[in-house]
Amino acid sequence: MHLFSSFLSLTGKCAVCQNPLRKEEHDICTGCLSQLPMTNLSDHEENILEKHFWGHIPIVRASSLFIYHKGADSHLLLRRLKYMHQSSIGITLGRIMATYLQDTAFFDEIDMIVPVPLAKERLRKRGYNQSAFLAEGIHEITQLPVVSKGISRIVSNKTQTSMSYTERFHNVEGIFKVESPERFYNKHILIVDDVVTSTATIVSLANTFEKNKDTHFSILTLAMSSSITEIPYYKEDNREDMENQEDEIFMPES
């Protein structure tokens with residue numbers, strides 16, 4: 001409970017239960033925060049999420065704040081952040097993510113934060129990039145610089161729901177562009193995203209920096225799909241018929 005108490009400041013309605021927030025609360029009430037299914041990955045090196053990146057990118061650390069599955073409160077929180085214009089939730093939860101890891105070695109030697117970019121057409125439609133708001137919240141706690149200029153998503157790839165694990169990786173090949181990649185030589189980059197399911201998108205972004213063989217990556221996401229434990233750890237174990245049962249974040253009904 002102590003972890004969450006320092007992020008409460010404004011009035012409104014809780015993003016999860018929709019009950020009025022107390023004067024000292026911000027975006028989400030203390031009760032709903034305390035009920036989120038935390039991953040507890042921060043205290044574990046070589047944790048289950050890190051293993052999903054082994055063999056794909058030069059990974060240093062990976063962590064996620066909570067687990068989501070369709071219909072849960074954590075799923076509703078992501079829907080509101082992504083689709084219902086409650087972007088301030090991202091900054092609040094970014095602060096919480098950073099504070100949760102602040103007493104660990106997670107941020108040691110990280111040089112910068114890179115939020116996963118949205119394609120231009122999706123950014124125009126949504127009006128904001130939820131991962132950028134998470135990154136801003138993390139910056140406020142860590143003071144690590146957020147770098148997004150010259151890092152873009154040049155292809156709006158089709159949804160990956162119902163694709164096999166291998167198909168997801170093919171679907172995101174070449175969708176990002178990094179200008180002046182020499183800027184990132186010998187850097188440790190923290191990639192921030194809202195949710196990780198198959199890891200394919202994050203791997204594609206990281207591989208866009210691959211010209212710099214001394215670039216290393218850590219990964220931090222707000223949520224980790226409950227289906228991620230069904231994905232094989234190692235590339236050599238991946239089979240063409242392996243399906244990832246992703247919990248799709250459905251658009252809210254009007």
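Trainee: What does the accessible surface of the protein come to, and what share belongs to carbon and sulfur atoms?

Mentor: This is a predicted model, in which local features need pLDDT of at least 70, side-chain atom pairs count only at pLDDT 80 or more, and totals for chains, interfaces and linings use all residues. Residues are numbered from 1 along each chain as its sequence is written, and side-chain values use heavy atoms, with hydrogens and water left out. Areas come from the Shrake-Rupley method with a 1.4 Å probe, and for residues only the protein chains shown count as cover. The accessible surface comes to about 12100 Å², and the share of carbon and sulfur atoms is 48%.

Trainee: In what order do the strands of the open sheet lie?

Mentor: Strands here are DSSP runs (E, at least two residues), numbered from the N terminus, and two of them pair if DSSP finds at least two bridges between them. The open sheet has 4 strands with parallel pairing, in the order β1-β6-β5-β2.

Trainee: Which are the edge strands?

Mentor: An edge strand of this sheet pairs on one side only. That applies to β1 (59-68) and β2 (112-115).

Trainee: Over how many bridges do β5 and β6 pair?

Mentor: Strand β5 covers residues 188-196 and strand β6 residues 216-225. Val195 stands opposite Ala223 in β6. The two strands pair in the parallel sense, over 8 bridges.

Trainee: Which strands does helix α7 touch?

Mentor: Helices are DSSP runs too (H or I, at least four residues), and contact means heavy atoms within 4.5 Å. Helix α7 (residues 130-142) packs on the sheet, touching β2, β5 and β6.

Definitions and conventions
Axes are lines fitted to C-alpha atoms, for helices over the stretch in contact, and angles run from 0 to 180 degrees between N-to-C directions.
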